[in-house]
Amino acid sequence: MSISAPQPNPSTDRDARTGETVTDRLVEANRKYAEKFTDPGMDARPVQRVAVVACMDARLDLHEALGLELGDCHTIRNAGGVVTDDIIRSLTISQRALGTRSVVLIHHTGCGLLSLTEDFRHELEEEVGQRPSWAVEAFKDLDADVRQSMQRVRTSPFLVHTDDVRGFVFDVTTGLLREVAPRA
């Protein structure tokens, strides 16, 4: 498996007619958004007092899938939705400084981490000459990894609210969540 960055594609990286990049289009969309924007007067504390940890996969529209509105939750995303030290950091701030009490963990079918291994780190080291300081956190079993993530949250000494931690697998073909029972 080659891990080199994808080669530039002029037809997708830059609009052939306008010369715009994707980032240019996003900035323009923001300008239009800001023209109609009114400060909702919200606090940084989530109304539902929940933090959702999920994969960064672009197919997951968490607010829509969970019936959430702006201001309802903290959304913390990374590759795989796995609970890493940085997720614990964000959850700790979410709970201790901003009042969340519940944690919802969401992995999903068809996740890219199902096909990676820690060899990815070694290939990166060979390519760039430096070993990544982070683990890939790849997995072969969605349910087992959800359970591991639940366990990491429940046993973290930094988190004060660990009684309402639930884990799910989101099916990218049906849109349904399936709950994963914690370890007995």
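User: Quick one to start. What is the relative accessibility of Arg-31?

Analyst: Arg-31 has 40% relative accessibility, so this residue counts as partly exposed. Here buried means under 20% relative accessible area, exposed means over 50%, and partly exposed lies in between (1.4 Å probe, protein chains only). Before we go on, this is a predicted model: local features need pLDDT of at least 70, side-chain atom pairs count only at pLDDT 80 or more, and totals for chains, interfaces and linings use all residues. Residues are numbered from 1 along each chain as its sequence is written, and side-chain values use heavy atoms, with hydrogens and water left out.

User: Which residue does Arg-31 meet in a salt bridge?

Analyst: Glu-35 is a partner, at 2.3 Å from N to O. A salt bridge is a side-chain nitrogen of Lys or Arg within 4 Å of a carboxyl oxygen of Asp or Glu. Both residues sit in helix α2, which covers residues 22-36. They are four residues apart, about one turn of the helix. Glu-35 counts as exposed, because its relative accessibility is 57%.

User: Which residues are linked with Arg-31 in a network?

Analyst: Glu-28 and Glu-35 are linked with Arg-31 in a network of salt bridges.

User: Let's zoom out. How many helices and strands are there?

Analyst: The protein chain has six helices and five strands. Both are DSSP runs numbered from the N terminus: helices are H or I with at least four residues, strands are E with at least two. The order from the N terminus is α-α-β-α-β-α-β-α-α-β-β.

User: What box do the C-alpha atoms fill?

Analyst: Roughly 55 × 50 × 35 Å, taken along the principal axes.

User: And what share of the residues is buried?

Analyst: The chain has 184 residues, and 35% of them count as buried. The exposed surface comes to about 11,700 Å², with carbon and sulfur atoms supplying 52% of that area. Accessible areas come from the Shrake-Rupley method with a 1.4 Å probe; for residues, only the protein chains shown count as cover.

User: What about contacts across the sequence? What share comes from residues 24 or more positions apart?

Analyst: They account for 64% of the contacts with a separation of 6 or more. A contact means heavy atoms within 4.5 Å.

User: Back to charges. How many salt bridges does the structure hold?

Analyst: Eight. One of them joins Asp-86 and Arg-89, with the closest N and O atoms 3.4 Å apart. That pair lies in helix α4, residues 85-96, three residues apart. Asp-86 is partly exposed at 44% relative accessible area. Arg-89 is also partly exposed, at 48%.

User: Where do Glu-179 and Arg-166 lie, then?

Analyst: Their side chains meet in a salt bridge, 2.7 Å from N to O. Glu-179 is in strand β5 (residues 177-180) and Arg-166 in strand β4 (residues 165-170), so the pair ties together parts that are 13 residues apart in sequence. Glu-179 is partly exposed at 40%, and Arg-166 is partly exposed at 39%.

User: Which charged residue is buried yet has no salt bridge?

Analyst: Asp-145 is such a residue. The nearest side chain of opposite charge is Arg-152, 6.2 Å away. For charge, Lys and Arg count as positive and Asp and Glu as negative; His and the chain ends are not counted. Asp-145 is found in helix α6.

User: What is Asp-145 in contact with?

Analyst: Leaving aside neighbours within four places in sequence, Asp-145 is in contact with Val-82, His-107 and Phe-139.

User: New topic: backbone. What is phi of Arg-49?

Analyst: Phi of Arg-49 is near 55°, a positive value in a residue other than glycine. Arg-49 lies in the loop between α2 and β1, the strand at 50-55. Its relative accessible area is 40%, so Arg-49 is partly exposed.

User: And Glu-137: buried or exposed?

Analyst: Glu-137 counts as buried, because its relative accessibility is 18%. Its phi is positive too, about 65°, although Glu-137 is not a glycine. This residue lies in the loop between α5 (119-128) and α6 (142-155).

User: Last one. Where is Thr-38 found?

Analyst: In the loop between α2 and β1. Thr-38 counts as exposed, at 61% relative accessibility. Its C-alpha atom is 46 Å from that of Arg-183, 145 residues away along the chain.
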